[in-house]
Amino acid sequence: MYDGAKMAAFLFFSFYAVMVVAGYAIEGIFAVLRIVPTIRSATVLDPSITWNYTTILNIAFMILGVFLVARFLRTGGPKMLAEMSSAEPSHSGHHH
């Protein structure tokens, strides 16, 4: 693996570990202070597909995402990313 992948893996696993420890710490603190709710009256709804404003927003942003990805690919985005990750920057046409 290259250094970026090692760093990403380190960040992922260290953040995950910190979140797990924080969750258990909060659970323990709530238990010690006796503020854990004893009455649970949650209403569980039957899952169903409905057309509402969030459906419209999801479709709109999905279309926007497809448009932006297509534009990225059409304008040479992958080539630009490949050049950015190369060791030697290419400065063709730029003479100082």
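Start by selecting Met-7, Phe-10, Leu-11, Phe-15, Tyr-16, Met-19, Val-20 and Tyr-24: together they form a nonpolar patch on the surface, with about 910 Å² of accessible area. A patch here takes residues with over 30% relative accessible area and no salt bridge, joining like charges within 9 Å and nonpolar side chains (Val, Leu, Ile, Met, Phe, Trp, Tyr) within 5 Å. A salt bridge is a side-chain nitrogen of Lys or Arg within 4 Å of a carboxyl oxygen of Asp or Glu. Areas come from the Shrake-Rupley method with a 1.4 Å probe, and for residues only the protein chains shown count as cover.

Before you click on, note that this is a predicted model: local features need pLDDT of at least 70, side-chain atom pairs count only at pLDDT 80 or more, and totals for chains, interfaces and linings use all residues. Residues are numbered from 1 along each chain as its sequence is written, and side-chain values use heavy atoms, leaving out hydrogens and water.

Met-19 sits in helix α1 and counts as exposed because its relative accessibility is 57% (exposed is over 50%, buried under 20%, partly exposed in between, with a 1.4 Å probe and protein chains only).

Next, colour residues 3-33, which make up helix α1. Its 31 residues should span 45 Å at 1.5 Å a residue, and the end C-alpha atoms are 44 Å apart, which agrees. (The expected span is 1.5 Å times one less than the number of residues; helices are DSSP runs of H or I with at least four residues, strands are runs of E with at least two, and both are numbered from the N terminus.)

Show the side chains of Phe-12 and Phe-13. Their ring centres are 5.1 Å apart and their planes at 80°, so the pair is edge-to-face. Rings of Phe, Tyr and Trp (its six-membered ring) pair if their centres lie within 6.5 Å; planes under 30 degrees apart are stacked, over 60 edge-to-face, the rest tilted. Both Phe-12 and Phe-13 are exposed.

Step along to Arg-34, in the loop between α1 and α2. What is its phi near? A positive 55°, in a residue other than glycine. Most residues other than glycine have a negative phi. Arg-34 is exposed too, with a relative accessible area of 75%.

Finally, zoom out. The protein has three helices and zero strands, and buried residues make up 3% of its 96 residues.
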